[in-house]
Amino acid sequence: MPQLSSSRLAELTQINAEIEETEREISSLLERAGKLQLRSRELQDRRLYLTTAPPTPPPRPKGIHALPDNVLAHMMLCGVLSNSTSRTVLVRERVDFPLAVSHVCQSWRNLALAIPDLWTYITMNEGRPYDRTLDWMKRSRDLLLDIDLDLRTLSEEGVTQRSFLIAINIILPSLTRWNSLRIRAHLELLLTAFHVFTVPAPRLRSIVFWGWSSQAPSEPPPKIFKSKAPMLERLQLHHMGLDWASSSYSSLTDLSLSFLPLQMRPTLKELSKFLSDTSETLRSLTFIGTVVGMVRSESGISSVARGLASRTCLPVLEHLMFEDVPLSEVFSLFPLIDAPELQSITIVKAEGSPNWKHYVDATAPPWERNQWNPFFSSVTYMAFHDVASSTGLYQSLCRACPGTQIIEIRGPYTEPSVQFLTPNPMMMLPGEEMICPVLHELVVDEVPVELIRAFVETRKHVTPLRSVSATVDGGSVKKTNAMSPAGTSDRKKRFTASGKEALKRLGWEHDSALGRGEVNVNINWEE
């Protein structure tokens with residue numbers, strides 16, 4: 001670099017300083033230009049936003065459509081969780097309901113088809129080729145099935161053995177998924193089904209076979225599922241029997257036999273063995289109509305004690321019912337049963353033949369003659385519907401169940417039945433125990449109001465009586481203008497009163513034994 005004069009050196013120094021200053025200004029201007037460009041873009045975006053219509057948001061679901069799928073699925077399941085035994089109700093709730101909810105809209109249909117629990121009730125009432133049944137079995141996936149095949153609405157000519165077997169073979173491959181099986185069909189068709197059901201049913205819990213026939217069966221029934229249904233809890237047979245000698249279901253909790261054909265009725269020994277196999281689990285036992293093959297004579301009843309080595313002990317049986325069972329058969333079946341935990345007994349229309357009544361008497365029923373003294377200390381409830389008090393059955397059971405707390409009496413024999421429970425202190429011997437000494441509640445059909453009064457007054461101070469409900473003659477009830485039927489209609493109206501109101505209607509409000517309200521009186525009457 002050449003030697004510079006002092007003047008030039010000073011000028012060069014000034015130029016360098018100006019260059020640096022200029023570059024700093026350029027940098028500052030570039031920075032400001034960037035900020036201005038950014039501001040310009042923001043203003044342009046804002047202008048575009050202000051000059052353009054905003055997008056329309058998607059509509060929000062309203063009402064039930066706003067519910068999440070899990071809540072809606074739970075609601076659908078609640079619609080099919082029916083405990084009814086009525087087939088009409090079951091079809092409405094478990095067939096019509098799933099079909100209805102799956103046809104509301106596409107989203108509901110998709111959700112319903114994804115819930116297998118909605119499609120487990122199989123009725124097969126659509127007929128061949130059973131497309132709906134096959135669809136439902138597929139939709140239910142691997143869940144247990146409830147099968148209900150009802151042929152009562154079809155004529156006997158309309159269902160052939162071949163068509164019945166075709167229907168059975170549709171559901172037979174899913175046998176391991178059967179939870180309950182209910183078939184109502186002609187007896188010959190039921191026997192056909194018995195021949196098909198010859199393999200074990202490992203998960204079956206309920207069987208209901210309801211048959212009918214005007215002729216005797218042509219052959220005895222085989223064993224159902226080879227008697228291998230280890231989880232079977234409920235068995236109900238109507239006009240249909242079993243191979244009693246070789247059938248055994250050790251897990252039964254509910255057994256109901258009704259109107260068995262003569263050729264299919266078990267003997268007392270066979271019935272005793274069948275009950276013994278279920279003794280550890282059976283809780284409810286129902287007999288309807290004639291169900292036992294027996295000789296209806298006094299000698300036949302006497303042979304009960306000789307023919308059975310011991311009574312059949314049912315240690316957990318709680319409920320026992322006889323309906324339309326001949327009186328002779330009731331007297332034969334009671335000695336067969338030893339139920340220390342029995343809680344309720346229901347007798348409906350137990351009638352005896354003229355040849356039987358000549359030795360049935362209230363003081364010495366046939367079981368007492370044979371040392372089969374019934375004693376059910378755990379029974380707390382008894383019901384008698386249309387049971388004649390002259391047969392001795394009612395009196396004997398009242399004596400045999402001293403712990404009874406509730407008695408219900410219906411039908412035309414209520415008056416003598418209530419009289420039997422109404423003690424006469426003047427006629428009772430010293431130390432004689434009152435019938436049903438812990439009776440709490442009495443429910444009866446129409447009886448004279450004075451008999452109700454006598455019943456309450458004589459038992460009130462010696463038993464823990466709390467409630468009496470009765471249907472009484474409307475002529476014995478005080479009438480008021482408010483109670484009078486409106487207009488000139490001849491149709492009777494039904495009225496109810498309880499407590500002090502009932503005592504007032506009966507004119508007992510000033511009775512010292514009743515007026516304190518310690519016994520609640522409920523009355524029903526018609527005007």
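Predicted model: local features only at pLDDT ≥ 70, side-chain atom pairs only at ≥ 80, totals over all residues.
Figure 1. For the protein as a whole, the mean pLDDT is 79, and 81% of the residues reach 70 or more.

**Figure 2. The aromatic pair of Trp 178 and Phe 197.** The ring centres lie 5.6 Å apart and the planes meet at 90°, so the pair is edge-to-face. Trp 178 belongs to strand S3 (residues 178-186), while Phe 197 is in the loop between helix H7 (187-196) and strand S4 (206-212). The two residues are 19 residues apart in the chain, and both are buried.

**Figure 3. The aromatic pair of Trp 244 and Phe 274.** This pair is edge-to-face, with 5.2 Å from centre to centre and 80° between the planes. Trp 244 is in the loop between strand S5 (234-238) and strand S6 (254-258); Phe 274 is in helix H8 (residues 268-277), 30 residues apart from Trp 244. Trp 244 has a relative accessible area of 4%, so this residue is buried. Phe 274 is buried too, with a relative accessible area of 0%.

**Figure 4. A cluster of phenylalanine rings.** Phe 287, Phe 322, Phe 334 and Phe 376 are linked into a cluster by ring pairs. The whole structure has nine aromatic pairs.

**Figure 5. Arginine charges over tryptophan rings.** The charged end of Arg 132 sits over the ring of Trp 136, 5.4 Å from the ring centre. Arg 139 lies over the face of Trp 119, at 4.6 Å from the centre of that ring.

Conventions:
Residues numbered from 1 in each chain as written. Heavy atoms only, no water. pLDDT = per-residue confidence, 0-100. Phe/Tyr/Trp six-rings, centres within 6.5 Å; stacked < 30°, edge-to-face > 60°. Helix = DSSP H or I, 4+ residues; strand = E, 2+ residues; numbered from the N terminus. Buried < 20%, exposed > 50% of the residue type's maximum accessible area, 1.4 Å probe, protein only. Lys NZ or Arg CZ within 6 Å of the ring centre and 35° of its normal.
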